Amino acid sequence: MLWSQTFIPTLKETPSDAEIVSHQLLLRAGLIRKLTGGLYTFLPMGLRTLRKIEQIIREEMNRAGGIEVLMPALQPPEIWQQSGRYETASGVLFKVRDSAKKEWVLGPTHEEVITTLAASEINSYRQLPKNFYQIQTKFRDEIRPRFGLMRAKEFLMKDAYSFDTSDEGAMASYKRMYDAYTRIFTRCGLQAFPVEADTGVIGGNYSHEFMVPAETGENDVAYCEACHYAANIEKAISGLPKTAARDLGPEPEQFPTPGAITIESLAKAPFGIPANRQIKTLVYIADGQPVLILIRGYDQLNESKFMARTGAIEARPADVKNPTDLVHFTTLGALPGSLGAVRSVPLTWKVFADERLRGANEMTTGANSDGFHLRNVSIERDIRVSDWFDLRTVRAGEPCAKCAKPLKIRRAIEVGHVFKLGTKYSEKLNATFVAEDGSPHPAVMGCYGIGVSRTLQAIIEQSNDKDGIIWPLSVAPYHVCITPLNYSPEGQPMTLGLQLLAELTAAGIEVILDDRDERPGVKFKDSELVGFPLRVNLGEKSLAKGEVELKPRTGPVKCVPIAEAAAEVIAWFHTEKAHYV
């Protein structure tokens with residue numbers, strides 16, 4: 001390929017609306033262009049890399065027994081209503097109407113569609129197991145699209161769905177996908193690691209996310225270097241011991257705390273009550289109903305844990321500025337800062353407490369009277385707790401629950417997610433099979449997603465330097481950039497460049513020849529910005545000495561005889577290629 005015959009609109013300046021380095025390089029290297037917020041056009045170099053990532057995914061999915069299909073992006077809302085996600089996922093659904101005013105959903109994912117297909121086509125245990133996958137455009141109504149391809153309204157995704165006759169079979173399918181994902185990201189040159197994860201709106205009871213460490217990532221991951229435990233912060237637990245037990249004290253006693261409406265202010269003089277001896281009381285609206293959530297004073301509520309453990313579809317903190325919510329504070333008798341669960345809590349309200357409060361005595365909590373608190377509170381004696389859950393957010397330095405070594409927390413980018421769904425969708429959408437004994441059973445499902453376009457950007461986020469992108473060979477738009485330093489169609493640099501282009505292409509190497517009439521410095525900067533793994537410099541001075549310069553993207557220049565140049569590049573290519581097989 002000649003540079004002049006493709007389209008690589010590189011930029012010298014960093015676009016002002018690109019916040020992170022990978023987004024900046026996607027634009028500066030001419031891989032994508034923005035149409036509007038959350039919508040991007042893939043240009044030739046970006047599309048070539050995208051297709052290579054797709055091919056790696058296809059090869060590994062096929063190797064793991066996947067069967068490729070292609071499902072409609074336009075979906076009837078009825079199947080979403082049947083699954084229950086028309087309401088629970090309403091925040092991300094794009095809904096459109098046709099000329100007959102009929103409503104449709106633009107698919108953000110395809111659990112409903114594939115389960116409907118299975119319900120109509122699979123009826124016997126002899127047809128299972130099956131694992132269907134596709135690579136297709138998805139649509140999600142992101143309120144705040146940002147970071148380029150990381151959070152877009154339209155994106156490319158690989159999604160797969162397994163159907164098994166038993167839980168054991170489903171776990172085997174899960175393991176095959178887990179292993180396939182490990183191979184996919186390794187072949188893409190990504191340092192991705194699996195972490196335990198919350199199942200979120202997808203549902204199910206077991207899942208892992210594949211994370212790429214990056215300071216600009218939108219996820220926090222807790223991990224242990226000693227035993228390799230790792231979990232998304234929404235799922236992470238620690239081995240933090242409970243506060244030392246205290247004897248059951250006298251009945252709760254009310255005392256004045258004027259102006260003390262925060263955990264910190266109550267911990268200071270004149271009160272001096274440590275945060276770990278305080279009960280923080282939060283009023284939440286869960287699926288439209290008020291509930292109380294209790295955690296220790298120095299802990300932070302993890303909303304994802306709360307929703308996962310209680311099954312709440314929607315949950316938010318009550319707001320005193322909201323007239324409807326203010327009624328709930330009036331019912332309790334106090335505003336935030338003086339709230340508690342000992343008095344004035346209606347029997348219809350559920351009270352959820354964090355496990356670390358279980359058995360706690362001699363605690364302090366709000367008295368449900370502005371400017372007053374209660375001391376000597378025993379949570380199990382004095383508070384009606386509806387249920388106990390792990391509701392807190394893990395902090396760095398806490399002991400690992402598995403080996404007791406200190407946990408660390410780092411930012412990361414999610415590139416893949418595997419779920420064991422169970423029968424959530426097959427039951428609702430009637431995807432059943434007849435077992436060997438003649439009895440009907442719902443298929444046991446799993447689902448598995450990879451953000452293909454997000455993976456492309458994650459590679460750049462993880463692999464770049466001050467000069468531009470550093471592509472792994474397996475996904476580079478071209479493997480080699482041949483760069484004649486003096487432009488002349490009849491000159492030796494261009495003549496040799498065309499000869500090398502033909503020889504290397506015949507050897508299976510993807511080559512681009514920079515035939516532009518530009519200064520050498522411009523060509524060098526552009527090749528480094530785009531990130532081609534190897535550049536072959538053809539300059540008159542080196543050619544006069546009978547040499548060609550080979551410049552790896554991150555290595556030193558190597559001078560080789562002209563006659564050996566093609567063989568040297570081919571040898572380099574096969575050595576590098578071996579890292580990504």
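In this predicted model, three strands make up an open sheet, arranged in the order β4-β6-β5 with antiparallel pairing. Its edges are β4 (74–75) and β5 (94–97), each of which pairs on one side only. Strand β5 is joined to β6 (residues 103–106) by 4 bridges, and the two run antiparallel. Across this pairing, F94 stands opposite L106 in β6.

Another strand, β2 (residues 39–42), contains Y40. Is Y40 buried or exposed? Its relative accessible area is 18%, and a residue counts as buried under 20%, so Y40 is buried. Leaving aside residues up to four places away in sequence, Y40 touches H23, I32, R33, K34, L35, G148 and L149. With one of these, H23, the contact is also polar: the side chains of Y40 and H23 meet at 3.2 Å. H328, by comparison, is 288 residues from Y40 in sequence, and the C-alpha atoms of Y40 and H328 are 45 Å apart in space.

How many aromatic pairs does the count come to? The count comes to 11 aromatic pairs. One of them joins W3 and F532, whose ring centres are 6.0 Å apart. The planes of these two rings stand at 75°, and an angle over 60 degrees counts as edge-to-face, so the W3 and F532 pair is classed as edge-to-face.

Elsewhere, aromatic residues gather in a group. Y178, Y181, F185 and F210 form one aromatic cluster.

Rings also face charged side chains. Which residue lies over the face of Y478? That residue is R48, placed at 3.9 Å from the ring centre of Y478.

Technical notes
Residues numbered from 1 in each chain as written. Predicted model: local features only at pLDDT ≥ 70, side-chain atom pairs only at ≥ 80, totals over all residues. Heavy atoms only, no water. Phe/Tyr/Trp six-rings, centres within 6.5 Å; stacked < 30°, edge-to-face > 60°. Lys NZ or Arg CZ within 6 Å of the ring centre and 35° of its normal. Buried < 20%, exposed > 50% of the residue type's maximum accessible area, 1.4 Å probe, protein only. Contact = heavy atoms within 4.5 Å. Polar contact = N/O pair within 3.5 Å; in protein donor to acceptor, adjacent residues only side chain to side chain. Pairing = 2+ DSSP bridges.
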